[in-house]
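Here is a fold to question term by term. Each answer sets a value against its cut-off.

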Amino acid sequence: MFNDTSNLFLILIICGFLLFLFSLYLIRFNLNALFSSKLSKLIHLFTNSKLKSFIFGCITSAIIQSSSGTTAIAISLLSSKYIKDKECLGIIIGANLGTCLTTFIAALNFDYIFLYLISLSIVLFFIFNKYKNYFILIFYIGLMLLGLHMLNCGFNFLINNKIIFNFIQTTQNSILLSTLLGTFITAIVQSSSGVISIVEQMYGSNIINLVCSLGIMLGANIGTTITGYISTINTNNTRRIINANLIFNILGVLLFVVLFRPFSNFILRLQNDFFLHNIKLTIAWAHFIFNLVTVILGYVFFKYLSYFINNKLTRK
């Protein structure tokens, strides 16, 4: 059973988790409000080739920090006939790489910088009213880092709880189980970068091992595709693109599951050589390497993906 102290730290973790996700949503909403109108004007100009569509998806996702949001935008543009199938798929695949930025930010040791960001943004908000939307964005980033700090404090305590420690030990050594867990959690939360950022905190606190961390990271890339289906509720003609994206992500995850031993050994070697001072960066780099490899493969075999969409997934 948990004692009163344990309950307090569980509440701290839950509050930190909710604050992190809520602030992440506010950041994306604010970025969309600041940049979406400018992006929409440039979409047609910068998506008229395969390479341009991949780069555009990557940059857009890096700006709004949401591959799901980028997918929803691409589907909306496709249903409105601003872009074609190939351009839409290129944007969606490229978006997987751009969203890695959040996991790197979350992995860095900022200590109490969130206090400075929150305080400074409030002061500047009242002084420079013309740029208030930008200071609101800084305030949301501070809230996000505060949520991560709360999670880290709670996780550092929970590692000493025998009940939780024993439960983790019985479930964290299976790559298949952890991958399914990552898929399930991300399908509910609908933020792969958010889930992976939290996994970084748990791995940094030695609550879960590398196998479990990498498994959840892989599964998160499948779970995040559910947003695409929500985006196509009233546009069945675009669902074939989302099906292709789901199949693409599943194949990418299966490839890394099959090659998990050399992949995990490579990641562990990177950690031992470069990231012992901050092992949370290990998961951020693993996430980046996974997406980089799958995006390159998607680019190389893009012709076959397009053929598959047009000939296998098109409704008769």
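Predicted model: local features only at pLDDT ≥ 70, side-chain atom pairs only at ≥ 80, totals over all residues.

Q: What is the hand of the crossing where α11 passes α15?
A: Right-handed. The term applies if the near helix is turned clockwise from the far one by less than a right angle, and left-handed if anticlockwise.

Q: Which residues of α11 and α15 meet?
A: Leu210, Ser213, Leu214, Met217, Leu218 and Asn221 of α11 meet Thr282, Ile283, Ala286, His287, Phe290 and Asn291 of α15. Contact here is heavy atoms within 4.5 Å. By class, the contact of α11 with α15 holds 7 nonpolar, 5 polar and no charged residues. Nonpolar covers Ala, Val, Leu, Ile, Met, Phe, Trp, Tyr, Cys and Pro; charged covers Asp, Glu, Lys and Arg; the others, Gly among them, are polar.

Q: Why is α11 called roughly antiparallel to α13?
A: α11 and α13 pack at about 170 degrees, with their axes 9 Å apart. That angle makes α11 roughly antiparallel to α13, so the label holds. α11 passes α13 in a left-handed crossing. Leu218, Asn221 and Ile222 of α11 contact Leu246, Asn249, Ile250, Val253, Phe256 and Val257 of α13. The classes in the contact of α11 with α13 are 7 nonpolar, 2 polar and no charged.

Q: Which residues have the most contacts inside the largest nonpolar core?
A: Leu214, Met217, Leu218, Phe263, Ile267 and Ile283, in a core of 32 residues. Such a core is a set of buried Ala, Val, Leu, Ile, Met, Phe, Trp, Tyr and Cys residues joined through side-chain atoms within 4.5 Å. Two or more residues each come from α5 (100-107), α10 (192-204), α11, α13 (239-258), α14 (260-275) and α15. α11 gives the largest share, 8 residues.

Q: What does Leu214 touch, not counting residues up to four places away in sequence?
A: Phe260, Phe263, Ser264, Ile283 and Ala286. A second, separate core of 19 residues includes Ile83, Cys88, Ile92 and Ile241.

Q: Why does Ile138 count as partly exposed?
A: Buried means under 20% relative accessible area, exposed over 50%, and partly exposed in between (1.4 Å probe, protein chains only). Ile138 has 30% relative accessibility, so Ile138 counts as partly exposed. Ile138 lies in helix α7 (residues 132-158). Leaving out residues up to four places away in sequence, Ile138 touches Leu117 and Ser121.

Q: What makes Ile59 partly exposed?
A: Its relative accessible area is 46%, so Ile59 is partly exposed. Ile59 is in helix α2 (residues 50-64).

Q: How many helices and strands does the protein have?
A: 16 helices and 0 strands. Both are DSSP runs numbered from the N terminus: helices are H or I, at least four residues, and strands are E, at least two.

Q: How do you know which atoms and residues count?
A: Residues are numbered from 1 along each chain as its sequence is written, and side-chain values use heavy atoms, without hydrogens and water. Local features need pLDDT of at least 70 and side-chain atom pairs 80 or more, while totals for chains, interfaces and linings use all residues.

Note on methods:
Axes fitted to C-alpha atoms, helices over the stretch in contact; angles between N-to-C directions. Parallel < 35°, antiparallel > 145°, perpendicular 65-115°, else oblique.
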